[in-house]
Amino acid sequence: MVELMAILLFVCICAALMAGYPVAFTLGGVSLLFAGIGILTGTFDGGYLSALPNRLFGIMNNQTMLAVPLFVFMGVMLEKSRVAEDLLESMSRLFGTLRGGLAISVCVVGALLAASTGIVGATVVTMGLLALPTMLRRGYDPAISTGTLAATGTLGQIIPPSIVLVLLGDVMSSAYQQAQLKMGIFSPKTVSVGDLFVGALLPGLLLVGLYIVYIITIAVFQPKKLPALPQEELGPIEWGKLSYALVPPLLLIGAVLGSILAGYATPTEAAALGALGAMVLALYKGKLNFTQLRQVAFGTTEITAMVFMILIGASLFSLVFRGFGGEAMVEHVFDQLPGGVLGAFFLVMLVIFLLGFILDFIEIIFVVVPIVGPVLLAMGLDPIWLGVMIALNLQTSFLTPPFGFALFYLRGVTPPSVPTSTIYKGVVPFILLQISLLVIAYLFPGLITWLPELVYGK
């Protein structure tokens, strides 16, 4: 009966989320409802709820989570500073005379925006508004154009500094400590957001490389789909303007990631540096004023409040789920799976991939990862490798039809002449590339773990 309540709790929460109810209040409300039923039926110990105040104070005092509003502020400020417009125009002139040059420019700019803004919705919409009309007007295949824009827009999920990695890093740190305590290690090691940032760097860059290789392959074998633009139409390459567009974002990216890699700053401190740097860059471009600062502050507050409310609801869910013996049930199921730790890992990755069709990445991180993370880590998986693999998986879910969030963002700015089926068709090759990267990272775990070992000795 107790285990059945745990299963029903998870199913009811997923059903309520699919019905469109607010995430934070669904997590908290359904969990409280089940806790009340459990107390009345004698299947739940109300003492578990007494831990909730300590958890809430823990969230309030969590220095790692302070990076969330700072990185969001940095991203929103850069979005308002027209960084994308300047970069795309300069890169288009640089690569436009090549077959597929516009698509390559989109990939390069998307990677730079991912390393500076990290906000998927803003990147997809901005790039769609700027690049898609030009690509379609110049004879680019609509499926390849929309697929490229949607895929590069999601790079902010895996290329640091990424909000996904910040949230995952905090959850994985807690899960890793729980796993070690279960294994009898009473002086547990830690895994940090910085570890995930460093671990995700090489896979993120490799993914950008795979996108560009795919575009070049199409340009070579099907040149009509990705035609070159004449130089006279693009105009001469203005190296001064290119430097003006490219150097400030690169300096900001270098300052944020470089300070983390060199060990001079924690991710939270680097986020503060990034927020200040974004304001300086906006001032440099003449885009900083009180009205814009007010808009950025409102946007940051809105996104941050949403994240922390979901985190509070998820904390309540995790307490109730544990009170019903859900964690022990998951551990028992994993132990019974054929293939041991590998079977459990593949099952979790499949579940996360499928849940990505219907749930946002924040919900998956706060609801699913705390349940399965401690069990998998107790089986001996490397926490940095597991965290980055989950992040890559979550990024794939952003592109997967029919509910991929990047597809919804892009649909909103795509002309009616381009049907939704064309967008779906366009993202399929990029989904396969992302799955290929997951396979590569599984076969060669050093792709993720080598750089953290080099930088931090882990």
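Analyst: Here is a tour of the largest pocket. A quick note before we start: this is a predicted model, where local features need pLDDT of at least 70 and side-chain atom pairs count only at pLDDT 80 or more, while totals for chains, interfaces and linings use all residues. Residues are numbered from 1 along each chain as its sequence is written, and side-chain values use heavy atoms, with hydrogens and water left out.

The largest pocket has a volume of about 710 Å³ (the space filled by probe spheres set on grid points joined across faces, edges and corners). A pocket here is an open set of points on a 1 Å grid over the protein atoms alone, where a 1.4 Å probe fits, with protein on both sides within 12 Å along at least five of seven lines; lining residues have an atom within 4 Å of a point.

There are 32 lining residues, and N62, D170, V171, S174 and L311 sit closest to the centre. By type, the lining splits into 13 nonpolar, 15 polar and four charged residues (Ala, Val, Leu, Ile, Met, Phe, Trp, Tyr, Cys and Pro are nonpolar, Asp, Glu, Lys and Arg charged, the others, Gly among them, polar).

Which helices supply at least two residues each? They are α3 (52–60), α9 (163–182), α13 (267–284), α14 (290–323) and α17 (361–378); helices are DSSP runs of H or I, at least four residues, numbered from the N terminus. The largest share, eight residues, comes from α9. As for the stretch 268–284, it is 100% helix and 0% strand (strands being E runs of at least two), with its end C-alpha atoms 24 Å apart.
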